[in-house]
Amino acid sequence: MAKYGEGDKRWIVEERPDGTNVHNWHWAETNCLEWSRTFFNNLLNNLNVLDGSNGDLHLTIKNVDKFDGEAYVNIRKGKIIPGYEISLSLSWEGEAKDSDGKILNRVNGTVEIPYISDENADEDPEVRVTVKDEGPIGKRLKEAMVAKGKPLILDKSNARISKEVGGEFSIFDGSVTGRNLELQEGKLIVQKWRFGSWPDGMQSNVRIVFEEPESGFTIVKLTHTDVPEEDRYGNATVVENTERGWRDLIFQRIRAVFGFGI
C-alpha cells in the first residue's frame with residue numbers, strides 16, 4: 001500500500017490543492033433542516049382532513065407551529081447516509097355543521113409529535129391530539145382527528161395508479177414507479193416495480209394474490225422478487241428497506257385506518 005506522500009501519483013490519498021472531494025470519498029455533511037421545515041410547511045399547512053362529504057364534520061390542519069431538531073445527509077466513500085431527529089407541533093380547526101351547512105360549533109386544537117427519528121423509522125411515533133373545547137362536539141372532532149388526521153399527517157404522499165393492463169403507476173411522490181402487467185379484479189395484481197434510487201434499468205416484480213376462503217375474510221399474499229442487493233449509491237440495505245416499506249408504509253397503515261391487517 002502506498003504511504004502518504006509516496007507511491008503512485010494516481011492515488012488520491014492526500015488533501016487536494018483544489019479542495020475537490022473526489023467521488024465523495026471524504027466525509028461530507030449537508031444540513032437539511034431548513035429544507036425539511038419548508039417541506040413540512042408545504043405539505044401540512046391548510047391540509048384538509050375532513051370536508052364533510054361523509055358526514056357533518058370538517059377538519060383542517062391550519063399551520064405547522066413548531067418544527068425543531070436536526071436533519072442531515074452525510075456522504076462517505078460515495079455512500080449517502082441520511083439522518084433526522086424531528087419534533088412537530090401543529091394547530092388544527094374543526095367545525096360541525098347541520099344538514100343546511102350552518103355551523104353548529106367551531107373548535108381549535110393541537111397535534112404534537114414529540115419525536116420522529118430515522119433510528120425509529122419502523123415504529124409508530126407518539127402523536128398527541130388535544131382540543132380546547134371538551135364538549136360533546138369537541139370530543140367528536142378530536143376523535144375524528146385521531147382517526148383520520150394521524151394517518152394523513154404521517155403518510156400523506158402523492159399517488160397515481162392506472163386501472164389498465166400496461167398502465168403506469170407512481171406512489172410516494174414518485175419514489176416508486178412501474179407498470180401493470182396483469183390485473184384481475186378482486187383476485188390478482190402483477191406489476192413491475194422500481195425505486196428511484198435503484199441502478200438505471202433495474203426493475204423488480206410484484207405479485208399480489210387475493211383469496212377469500214369465506215365471506216368477509218380475505219387473505220393477501222405478496223411476492224416481491226428481483227430486488228437488487230444495492231442501490232445506485234452502494235448502500236446494501238435495499239432488500240431490508242423494501243421489506244420494511246411494505247410492512248410499515250402499506251400494510252400497517254391499512255391496519256391503522258381500517259382497524260385490521262397484519
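1. Let's start with Ile 219. Leaving aside residues up to four places away in sequence, Ile 219 touches Val 209, Phe 210, Glu 211 and Pro 213, where a contact means heavy atoms within 4.5 Å. Ile 219 lies in strand E12; helices (H or I, at least four residues) and strands (E, at least two) are DSSP runs, numbered from the N terminus. Ile 219 is partly exposed because its relative accessible area is 32%; buried means under 20%, exposed over 50%, and partly exposed in between (1.4 Å probe, protein chains only).

2. A word on the basis of all this. This is a predicted model, in which local features need pLDDT of at least 70 and side-chain atom pairs count only at pLDDT 80 or more, while totals for chains, interfaces and linings use all residues. Residues are numbered from 1 along each chain as its sequence is written, and side-chain values use heavy atoms, with hydrogens and water left out.

3. Now the overall picture. The protein has three helices and 12 strands, and 28% of its 262 residues are buried. Of the contacts between residues at least 6 apart in sequence, 41% join residues at least 24 apart. The accessible surface comes to about 17,000 Å², and carbon and sulfur atoms account for 49% of that; these areas come from the Shrake-Rupley method with a 1.4 Å probe, and for residues only the protein chains shown count as cover.

4. Please have a look at the salt bridges. The count comes to six, a salt bridge being a side-chain nitrogen of Lys or Arg within 4 Å of a carboxyl oxygen of Asp or Glu. Glu 95, Lys 97 and Arg 106 are linked in a network of them. Arg 106 and Glu 95 have their closest N and O atoms 2.7 Å apart. That pair links distant parts of the chain, with Arg 106 in strand E5 and Glu 95 in strand E4 (residues 79–97), 11 residues apart. Between Glu 95 and Lys 97 the closest N and O atoms are 3.8 Å apart. Glu 95 counts as buried at 13% relative accessibility, whereas Arg 106 is partly exposed at 44%.

5. Which residues form the negative surface patch? They are Glu 29, Glu 70, Glu 85 and Glu 119. Patches are made of residues with over 30% relative accessible area and no salt bridge, like charges being joined within 9 Å. Asp and Glu count as negative, and the place of a Glu charge is taken as CD. Glu 119 sits in the loop between strand E5 (103–117) and strand E6 (128–131), and is exposed at 63% relative accessible area.

6. Two backbone angles deserve a glance. Most residues other than glycine have a negative phi. Asn 46, however, has a positive phi near 60°, and is found in the loop between helix H1 (33–44) and strand E2 (47–51). Asp 226 also has a positive phi, near 60°, in the loop between strand E12 (217–225) and helix H3 (238–258).

7. Is Asp 231 buried or exposed? Asp 231 counts as buried, because its relative accessibility is 12%. Asp 231 is found in the loop between E12 and H3. Not counting residues up to four places away in sequence, Asp 231 touches Ser 197, Trp 198, Pro 199 and Val 238.

Terms used:
Patches are made of residues with over 30% relative accessible area and no salt bridge: like charges are joined within 9 Å, nonpolar side chains (Val, Leu, Ile, Met, Phe, Trp, Tyr) within 5 Å.
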